[in-house]
Amino acid sequence: MKDWNNLDADENLILTTHMTKGRQGRKIDKIVLHHNGGNLTGKGCYDVWQTREASAHYQVASDGRITQLVWDTDTAWHAGDWNANLTSIGVEHADVSSDPWRISDVTLDNGAHLVAALCKRYGLGRPQWGVNVFPHSHFSATACPASIAGGQRAAYMAKAQAYYDSMTGSHPATGSSPAANTGGVNVVAGAYVVACDALNVRSAPSTGAKVVASYKRGQTVNLDHWGAIADGYIWGRYTAYSGAIRYIALAPADKSVWYLALKK
Ligand SMILES: [Zn+2]
């Protein structure tokens, strides 16, 4: 994954067939897990789904590489149940052995991380089996997802929960953020008013990150609870209308001045 917080996959190979545009007004409330019944790459899935009436949103290959094949905002054909398709994200996993079926450690790790990132993004809560994470077999008469619902289930879900805790806790997620090795801070979620003449909005919590917007004194920004200290500043963040996560400095690390004031 290029960016877990933004759900930016290593590769996008978007299908134009065997999926449905939009979600017919339904909301995402679950993740459905699958196994390939083979060892496919993202391109391998893409090729199979050109002629098979099936699709899924993501494929996690045996090397951990993640491919997006259907955008989250569209409906993939994976659960064998239309209602479940409309309300879920389908995640496929490559097998590295067939007798018994088994996914690789790196596939398990990246699949679980993806589940955590999806639960966070769509507000599904901590990953829990049968609550917001389901096996394909819950919706159809199938043995899918094999080991992920069997011998590898406990390890998979433990990792998904650990990643979720790390991504939503006071400490920022490891992996993609420049703030990963800095101390986490708690930011009070809510509306803030810009209390300086101009305040840059950046693509990451770092003074070296790209400036993507700028706020002027008196403008309002809605921050979530996430916070981190990096490059000598306390950073907060918000989700832009595009869905991208944006970062903004609240104050220098010594809190000598506040650039943002919590709206009363
Ligand atoms: Zn399946």
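A residue is called buried if 20 or more other C-beta atoms lie within 10 Å of its own, exposed if 12 or fewer do, and partly exposed in between, with C-beta atoms placed from the backbone. By this rule, buried residues make up 40% of the 264 residues in the protein. The structure is a predicted model, in which local features need pLDDT of at least 70, side-chain atom pairs count only at pLDDT 80 or more, and totals for chains, interfaces and linings use all residues. Residues are numbered from 1 along each chain as its sequence is written.

**Overall form**

- The protein contains four helices and 18 strands; helices (H or I, at least four residues) and strands (E, at least two) are DSSP runs, numbered from the N terminus.
- The C-alpha trace spans about 60 × 35 × 30 Å along its principal axes.
- A compact globule of 264 residues would have a radius of gyration near 18 Å, and the 20 Å of the protein agrees with this; the radius is taken over C-alpha atoms, and the globule rule is 2.2 Å times the number of residues to the power 0.38.
- Of the contacts with a separation of 6 or more, 64% join residues 24 or more positions apart; two residues are in contact if their C-beta atoms, placed from the backbone, lie within 7 Å.

**Confidence**

- The average pLDDT, the predictor's confidence in each residue from 0 to 100, is 91, and 94% of the residues score at least 70.
- Over residues 170-182, pLDDT stays under 50, and the model has 35 contacts beyond four places in sequence for them.
- Where pLDDT is low, the predicted coordinates should not be read in detail.

**Helix α3**

- Because 13 of its 17 residues are buried, α3 is largely enclosed by the rest of the structure.
- G123, which follows α3, has a positive phi near 65 degrees.

**Strand pairing**

- Two strands pair if DSSP finds at least two bridges between them.
- Six strands form an open sheet of mixed pairing, in the order β1-β5-β4-β7-β3-β10. Its edge strands, β1 (11-12) and β10 (133-135), each pair on one side only.
- Within this order, β4 (residues 58-60) and β5 (residues 66-68) are antiparallel over three bridges, and Q59 has T67 as its bridge partner in β5.
- Strand β12 (residues 198-202) pairs in the antiparallel sense with β13 (residues 211-216) over five bridges, where L199 is partnered by Y215.
- β12 also pairs in the antiparallel sense with β17 (residues 245-252) over two bridges, where R202 is partnered by Y247.
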